[in-house]
Amino acid sequence: MGTYIPPGWPAGVHPPGSEEFESTAVGWLLDVVPPDYRLHGVLRRYPIALATMARHHSKACVEGAREGYRTARTELAGALPPHAVDTVLAAYRKEGARLAETARAVDLVERALRGEVFTPKMSLPPLAAESEDAGPMGAEPKAAERRPAGPRAAGARSARAKATEQEAAEQEAAEQEAAERQPVRARAAAAETAGAETAGAKEAERRAAERGLGGAKVAEKKAAAAKETTAKEAAVERGRAGGAPEFSRAGEQRPGQNVRR
C-alpha cells in the first residue's frame with residue numbers, strides 16, 4: 001500500500017516518509033521564499049526552519065494580495081483608465097489564487113517535516129480540505145465559493161418560515177378581533193352620547209319650566225297688587241262723590257261749607 005498524499009500536496013515534492021522527501025521539500029521551499037534565502041546554509045541543514053519561514057512568507061504574500069485587491073480602485077483611480085484598473089484586478093485574482101494554493105502546500109510540507117502522518121478522511125466532502133484562504137481577494141472570491149446549504153440550514157430556514165407564518169396568523173387574528181370589537185364600542189359610545197344628550201335636554205326643560213313657573217308667579221303677584229291698588233282708588237273716589245264733609249280738625253269746618261245747627 002502506497003503512502004497517502006493529501007490534496008494540495010506540491011507536485012515537485014516526494015511523498016512524506018520516502019527517501020527523497022526532505023531533499024525535494026527543501027528545494028521546493030527555497031523556490032517559495034525570496035532568492036536571497038539560499039545564502040543561509042542553516043535553512044538547508046534544518047528543513048523545518050526553512051518550512052516555518054516559508055509559511056510566514058507565503059501567508060504574508062496572500063494578505064498583501066488581498067489588501068492590494070481591496071484598495072486597487074481607490075489607489076489607481078485617476079492614474080489608470082478604468083479598463084486598465086479592471087485588468088489589474090483580474091491579475092490580483094489570478095495571482096492571489098496561486099499564492100493561496102502555495103500557502104496551503106507549504107503548510108502541508110511543514111506538517112510532514114514535523115512527523116505528521118496524513119490519512120484519508122472519508123467523512124469530509126471533496127471541498128472540505130479547502131480553507132478560507134482559497135481566494136485572497138476578500139469578498140468576491142468568497143461569494144464565488146458559496147456552497148449549497150445542508151439539511152441543517154434547510155431545517156433552520158423552515159423553522160424561521162413557520163415562525164413567520166405563525167406571527168402573521170396571530171397578527172391577522174388580532175386585527176380581525178379588533179375589527180369585530182370596533183362596532184360594539186362604537187354602538188356603546190353612541191348610546192352613551194345619546195343618553196348624555198337626553199339627560200341634557202331634560203335638564204334644560206326642567207330649568208325652563210322652573211323659569212316659566214317663577215315668571216307666572218311674579219305676573220300673578222303683580223296683577224293682584226294692581227287689582228288691589230285699583231280697588232283702593234275706586235273706594236276713595238266713591239267717598240268723594242258722596243259729599244261727606246271733610247274736617248281738618250275735630251269740630252272744625254273748612255271755609256266755604258255750611259254747618260247745620
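Let me start with a term. Partly exposed means a relative accessible area between the buried limit of 20% and the exposed limit of 50%. Arg-38 has a relative accessible area of 36%, so Arg-38 is partly exposed. Keep that scale in mind. One more point before we go on: this is a predicted model.

Now the overall layout. The protein chain has six helices and zero strands. Read from the N terminus, the order is α-α-α-α-α-α. The chain has 261 residues, and 19% of them count as buried. Its accessible surface is about 19600 Å². Carbon and sulfur atoms account for 56% of that surface. What about contacts along the sequence? Take those between residues at least 6 apart: 57% of them join residues at least 24 apart.

Let's go to helix H1, residues 21-32. How far apart are its end C-alpha atoms? They are 17 Å apart. Twelve residues at 1.5 Å a residue should span 16 Å, so the two values agree. Much of the interest here is in burial. The buried residues of H1 are Phe-21, Thr-24, Ala-25, Val-26, Trp-28, Leu-29, Leu-30 and Val-32. What covers them? The cover includes helix H2 (41-45), helix H3 (47-76) and helix H4 (82-113).

In soluble globular proteins, nonpolar side chains tend to be buried together. Here, the largest nonpolar core has 21 residues. Trp-9, Phe-21, Trp-28, Leu-29, Leu-50 and Val-109 touch the most other members. Which elements give two or more residues to this core? They are H1, H3 and H4. H1 gives the most, with seven residues.

Look at Val-109 up close. Leave out residues up to four places away in sequence, and Val-109 touches Trp-9, Pro-10, Phe-21, Ala-25, Trp-28 and Leu-29.

Next, the aromatic rings. The structure holds two aromatic pairs. One of them joins Trp-9 and Phe-118. Their centres are 6.3 Å apart, with 70° between the planes. That makes the pair edge-to-face. Where do the two rings sit? Trp-9 is in the segment before H1, and Phe-118 is in the loop between H4 and helix H5 (139-144). The pair therefore ties together parts that are 109 residues apart in sequence. Both partners are on the buried side of our scale. Trp-9 is buried, with a relative accessible area of 11%. Phe-118 is buried too, at 10%. Ring pairs also bring in Phe-21: Trp-9, Phe-21 and Phe-118 form a cluster.

Last topic: salt bridges. How many does the structure hold? There are nine.

Back to Arg-38, our opening residue. Its side chain meets that of Asp-31 in a salt bridge, 2.4 Å from N to O. Asp-31 is exposed, with a relative accessible area of 55%.

Now Glu-110 and Arg-55. Their closest N and O atoms are 2.5 Å apart in a salt bridge. Glu-110 lies in helix H4 and Arg-55 in helix H3, so this pair ties together parts 55 residues apart in sequence. Glu-110 is buried, with a relative accessible area of 6%. There is also a network of salt bridges, which links Arg-55, Glu-110 and Arg-114.

Glu-95 and Arg-98 meet at 2.8 Å, N to O. They are three residues apart, about one turn of the helix. Glu-95 is partly exposed at 35%, and Arg-98 is partly exposed at 45%.

Technical notes
Residues numbered from 1 in each chain as written. Predicted model: local features only at pLDDT ≥ 70, side-chain atom pairs only at ≥ 80, totals over all residues. Heavy atoms only, no water. Helix = DSSP H or I, 4+ residues; strand = E, 2+ residues; numbered from the N terminus. Expected span 1.5 Å × (residues − 1). Buried < 20%, exposed > 50% of the residue type's maximum accessible area, 1.4 Å probe, protein only. Contact = heavy atoms within 4.5 Å. Areas by Shrake-Rupley, 256 points an atom, 1.4 Å probe, with all protein chains shown as cover. Core = buried A, V, L, I, M, F, W, Y, C linked by side-chain atoms within 4.5 Å. Phe/Tyr/Trp six-rings, centres within 6.5 Å; stacked < 30°, edge-to-face > 60°. Salt bridge = Lys/Arg side-chain N within 4 Å of Asp/Glu carboxyl O.
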